[in-house]
Every structure is written in C-alpha cells, then in structure tokens.
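Subject: Handover of a structure

Dear colleague,

Please find below the structure that I am handing over to you. My notes on what was found in it come after the display.

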Amino acid sequence: DVVDDFTDREYELGDVNSDGFVNVTDIVAMIQHILGANLLTDEQVLLGDVNEDGIVNVIDIVDVVQTIIGD
C-alpha cells in the first residue's frame, strides 16, 4: 500500500522513517512510539498504521515483520 495524503511524494506503509525501505529500523521506531519513548510524528503514524485502523500498535509491527520476511 502507498500513502500520499501528506505530501506530493508517495511512501510505502511501514516505512516510518521514509528512507525508501521497510526494515527493522522502522520496527524499532514503531516500538519506541508504542512504549512512549519516542513518539512518531503525525505523518509517521500514517505510515506506521499498516492495517489502517487509526493507531500504531503491535498488530502493525507484525504486519511489517511479515512484509520484511516476505510472508
């Protein structure tokens, strides 16, 4: 899926840090957000909300892991 709601660029869901790759760095940022250690910006929340239910939670992390391992 692609998010293009907040800029003229398109980003892949799960690519929280917008570096063009969905990887463990994105998972770490999502975990930090969930734990309240380092909150995501509004734009990052849109990218991290992989299942598009309005929040970033462990279900989104599972989806990102599945994307990374190709499941």
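This is a predicted model: local features need pLDDT of at least 70, side-chain atom pairs count only at pLDDT 80 or more; totals for chains, interfaces and linings use all residues.

Residues are numbered from 1 along each chain as its sequence is written, and side-chain values use heavy atoms, with hydrogens and water left out.

The chain as a whole

The secondary structure comes to 3 helices and 2 strands; helices (H or I, at least four residues) and strands (E, at least two) are DSSP runs, numbered from the N terminus. Along the sequence, these elements follow the pattern β-β-α-α-α. Of the 71 residues in the chain, 31% are buried. Here buried means under 20% relative accessible area, exposed means over 50%, and partly exposed lies in between (1.4 Å probe, protein chains only). The chain exposes about 4500 Å², of which carbon and sulfur atoms supply 52%; these areas come from the Shrake-Rupley method with a 1.4 Å probe, and for residues only the protein chains shown count as cover. Among contacts (heavy atoms within 4.5 Å) between residues at least 6 apart in sequence, 46% join residues at least 24 apart.

Helix H1

Helix H1 has 12 residues and reaches 16 Å from its first C-alpha to its last, close to the 16 Å expected at 1.5 Å a residue. The expected span is 1.5 Å times one less than the number of residues. The buried residues of H1 are Asp26, Ile27, Ala29, Met30 and His33. Seen down the axis of H1, these buried residues fall within an arc of 160°, so they line one face of the helix; the arc is that of the directions from the helix axis to the C-beta atoms. The face turned away from that buried side carries the exposed residues Val24 and Leu35. What covers the buried residues of H1 includes H2 and H3.

At its start, a side-chain oxygen of Asn23 reaches to within 3.1 Å of the backbone nitrogen of Thr25. Just after H1, Gly36 takes a positive phi of about 80°.

Helix H3

The 12 residues of H3 (residues 58-69) should span 16 Å at 1.5 Å a residue, and the end C-alpha atoms are 17 Å apart, which agrees. Which residues of H3 are buried? They are Asp60, Ile61 and Val64. These residues cover an arc of only 100° around the axis, which puts them on the same side of H3. Val58 and Ile69, on the other side of H3, are exposed. The buried residues of H3 pack against helix H1 (24-35) and helix H2 (42-48).

Asn57 caps the N-terminal end of H3, with a side-chain oxygen 3.1 Å from the backbone nitrogen of Ile59. After H3 comes Gly70, whose phi is positive, near 80°.

The nonpolar core

In soluble globular proteins, nonpolar side chains tend to be buried together. A nonpolar core is a set of buried Ala, Val, Leu, Ile, Met, Phe, Trp, Tyr and Cys residues joined through side-chain atoms within 4.5 Å. In this chain, the largest such core has 10 residues in all: Val16, Val22, Ile27, Ala29, Met30, Leu40, Val50, Val56, Ile61 and Val64. H1 and H3 are the elements that give two or more residues to this core, and the largest share, 3 residues, comes from H1. Not counting residues up to four places away in sequence, Val16 touches Asp26, Ala29, Met30, Leu40, Gln44, Leu47 and Gly48.

Asp26 belongs to helix H1 and is buried, with a relative accessible area of 0%. Beyond four places in sequence, Asp26 touches Gly14, Asp15, Val16, Asn17 and Phe21.

Asp49 sits in the loop between H2 and H3 and counts as buried at 8% relative accessibility. A polar atom of the Asp49 side chain lies 3.1 Å from the backbone nitrogen of Asp53. Leaving aside residues up to four places away in sequence, Asp49 touches Leu13, Gly54, Ile55, Val56 and Asp60.

Asn38 is in the loop between H1 and H2. Asn38 is partly exposed, with a relative accessible area of 46%. Apart from its neighbours within four places in sequence, Asn38 is in contact with Ala29, Gln32 and His33.

With kind regards

Note on methods
A polar contact is a pair of N or O atoms within 3.5 Å; within protein, one must be able to donate a hydrogen and the other to accept it, and residues adjacent in sequence count only if both atoms are side-chain atoms.
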